[in-house]
Protein chains: 2
Amino acid sequence: MAPRILDRSLIRGFELFRDMTEDNLDAVLTTVQVRRLAPGDTVFEQGEAAREFFVLLNGHLKVMQITKDGQQVVVRHVHPGDVFGIAKAIKRNDYPATAEAVTESLVLAWSASQWQDFVALNPALAVNALEAVGERLHEAHTRIRELSTEEVERRVANALLRMVRKAGTATEDGMLIDFPVTRQDIAEMTGTTLHTVSRLLSGWQDQGLVKSARRKVTVTNVDRLKAIADQT
Amino acid sequence: MAPRILDRSLIRGFELFRDMTEDNLDAVLTTVQVRRLAPGDTVFEQGEAAREFFVLLNGHLKVMQITKDGQQVVVRHVHPGDVFGIAKAIKRNDYPATAEAVTESLVLAWSASQWQDFVALNPALAVNALEAVGERLHEAHTRIRELSTEEVERRVANALLRMVRKAGTATEDGMLIDFPVTRQDIAEMTGTTLHTVSRLLSGWQDQGLVKSARRKVTVTNVDRLKAIADQT
DNA sequence: CGTCCCGTTGATCCCTATCAAATGTAGTGG
DNA sequence: CCACTACATTTGATAGGGATCAACGGGACG
């Protein structure tokens, strides 16, 4: 049975495939594999041989590095439309981190060996990937600056604001981060402990800046949280 | 008078230009500008419009971000052969950081608008740039992990080892970092203060791990410093 | 309905920033 | 060539932000 070709419209809007012709999109889609992930499933793990690269169709992933003594650091979040796991494209043979589903997710997977073929077919792909990686590099530098110079309170405020920006949905209470987040997660994103995050959120909740429940955070007053993030 | 074309051999060895034909190399060199920098000179400054991109011919640069309250964070060092300031290629209109010469340096500069032309001429350029940026992203993630989970002592040890790896020359005392480094510089690379760095270096000097003078550091016992960097 | 996971809150301690001051070193101009 | 100055480094004293240790409360899910 011939593989059913996914509809082009699924991926047409994605930055990575910008400017691709219909034919090229179809060519790319003939070899794609779609994979469903339950929360907690991993797409790949740190140190594993990089056999594939991916685009997130929907859902949410977190990418993390694990230290020798088992501490986890969340390196970034993957949102729908993002490429990830392009280790091969950047001359690595293994994945430098682990990608884990936070919510139920759908992932598009291609064999890493096809990357070169796709680029040959459509050189703009490398340009688009360069843009994506460049933006992430900039974000990484911003985090380095925060970790180096800012106190925990500001870092946590910034992390919340960033999540709201990338994955916030308006509710009557305010901006809800629309995927599950634990205190531990926020701690791993900001280089602190879940205890400190818990204390901060409790304090902010008392002041009416946020509202939080189990694995759920809503920012009720974005401006005042920004004021904390920007405090000089 | 026709501009004198620089010799191809100058840049042939650079990763960015890998796989380029002689003709393409010549084409690229016809529009290059060479710029000499004295220590302390900047190539570009944070926030400035990104009109050019660069390759370092020789010397050493540091790239830093400056916070609103004036603190500096060293984002990375530029070594000969590295591309830098490719803001435009990653869809930014301004430079996100400041690049300053640490030693006397020679820089090759091209108008940013030529980036697209060069890529059209030679698509491998985008692939090579992607590799370079990807590697930097990986380094940035490593630093994020260090800043999040490791104590100052290990971070400083790692920073020294990294400088030795990238710019170390063997001397009779050990591995000398072959560009001027102050305590302040190391502090800005590791998210600590010059006082703490000074205390650490003094301690290590007493134990015979390093030897340091004004703006100069030599690692005399790489293995024992590695042990500190790796301590679990 | 018990168990696991997540969150809260208190008490304590220590790493490292901060404050302060002195010493050393290179460079400069008279 | 020396006095003067600017910068780099060292070292001590102190304080405080957060990590760590500890214990408990509460909701979700099998």
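Contact here means heavy atoms within 4.5 Å. The tour runs through a predicted model, in which local features need pLDDT of at least 70 and side-chain atom pairs count only at pLDDT 80 or more, while totals for chains, interfaces and linings use all residues. Residues are numbered from 1 along each chain as its sequence is written, chains are lettered from A and ligands numbered from 1 in the order in which they are written, and side-chain values use heavy atoms, with hydrogens and water left out.

**Stop 1: A:Arg92**

Select A:Arg92, which is found in the loop between strand 6 (83-84) and strand 7 (98-101) of chain A. Helices (H or I, at least four residues) and strands (E, at least two) are DSSP runs, numbered from the N terminus. Apart from neighbours within four places in sequence, A:Arg92 is in contact with A:Ala50, A:Ala87 and B:His138.

The side chains of A:Arg92 and B:His138 are joined by a polar contact of 3.2 Å. A polar contact is a pair of N or O atoms within 3.5 Å; within protein, one must be able to donate a hydrogen and the other to accept it, and residues adjacent in sequence count only if both atoms are side-chain atoms.

**Stop 2: chain A against chain B**

Color the two chains separately. Two copies of a chain are related by a rotation about an axis and a shift along it. Here, chain B is superposed on chain A by a rotation of 180 degrees with 0.0 Å of shift along its axis (RMSD 0.0 Å). That is the relation of a two-fold axis. The superposition is by least squares on the C-alpha atoms of residues with pLDDT of at least 70 in both copies.

How many residues of chain B are in contact with chain A? There are 38 residues of chain B in contact with 38 residues of chain A. Of the interface residues of chain B, 100% are also interface residues in chain A, so the copies meet through the same surface.

Between them, chain B and chain A bury about 3600 Å², 70% of it on carbon and sulfur atoms. Buried area is the accessible area (1.4 Å probe) that two parts lose on being put together, summed over both. Select B:Leu130, B:Leu137 and B:Ile144: these supply 17% of the area that chain B buries against chain A, more than any other three residues.

Next, pick B:Glu131 and A:Lys91, which form a salt bridge with the closest N and O atoms 3.5 Å apart. A salt bridge is a side-chain nitrogen of Lys or Arg within 4 Å of a carboxyl oxygen of Asp or Glu. The interface of chain B and chain A has two salt bridges by this rule, and five residue pairs in polar contact, both residues at pLDDT 80 or more. Which element of chain B gives the most to the side that touches chain A? Helix 4 does, with 19 residues. By class, that side of chain B has 17 nonpolar, 11 polar and 10 charged residues. Ala, Val, Leu, Ile, Met, Phe, Trp, Tyr, Cys and Pro count as nonpolar, Asp, Glu, Lys and Arg as charged, and the others, Gly among them, as polar.

**Stop 3: DNA strand D**

Select the residues near DNA strand D, where near means that a heavy atom of the residue lies within 4 Å of the strand. There are 19, and the closest are A:Thr192, A:Thr196, B:Arg183, B:Ser198 and B:Arg214. Sugar and phosphate make up 58% of the atoms of DNA strand D that come within 4 Å of the protein.

- A:Val152 has a backbone N or O atom 3.0 Å from a phosphate oxygen of DNA strand D.
- A:Thr192 has a side-chain N or O atom 2.8 Å from a phosphate oxygen of DNA strand D.
- A:Arg199 has a side-chain N or O atom 3.2 Å from a base oxygen of DNA strand D.

Helix 7 of chain B supplies the largest share of this surface, five residues.

**Stop 4: DNA strand C**

Switch to DNA strand C, which 17 residues surround, the closest being A:Arg183, A:Ser198, A:Arg214, B:Thr196 and B:Arg214. Select B:Thr192, whose side chain has an N or O atom 2.9 Å from a phosphate oxygen of DNA strand C. End on B:Arg199, where a polar side-chain atom lies 3.2 Å from a base oxygen of DNA strand C.
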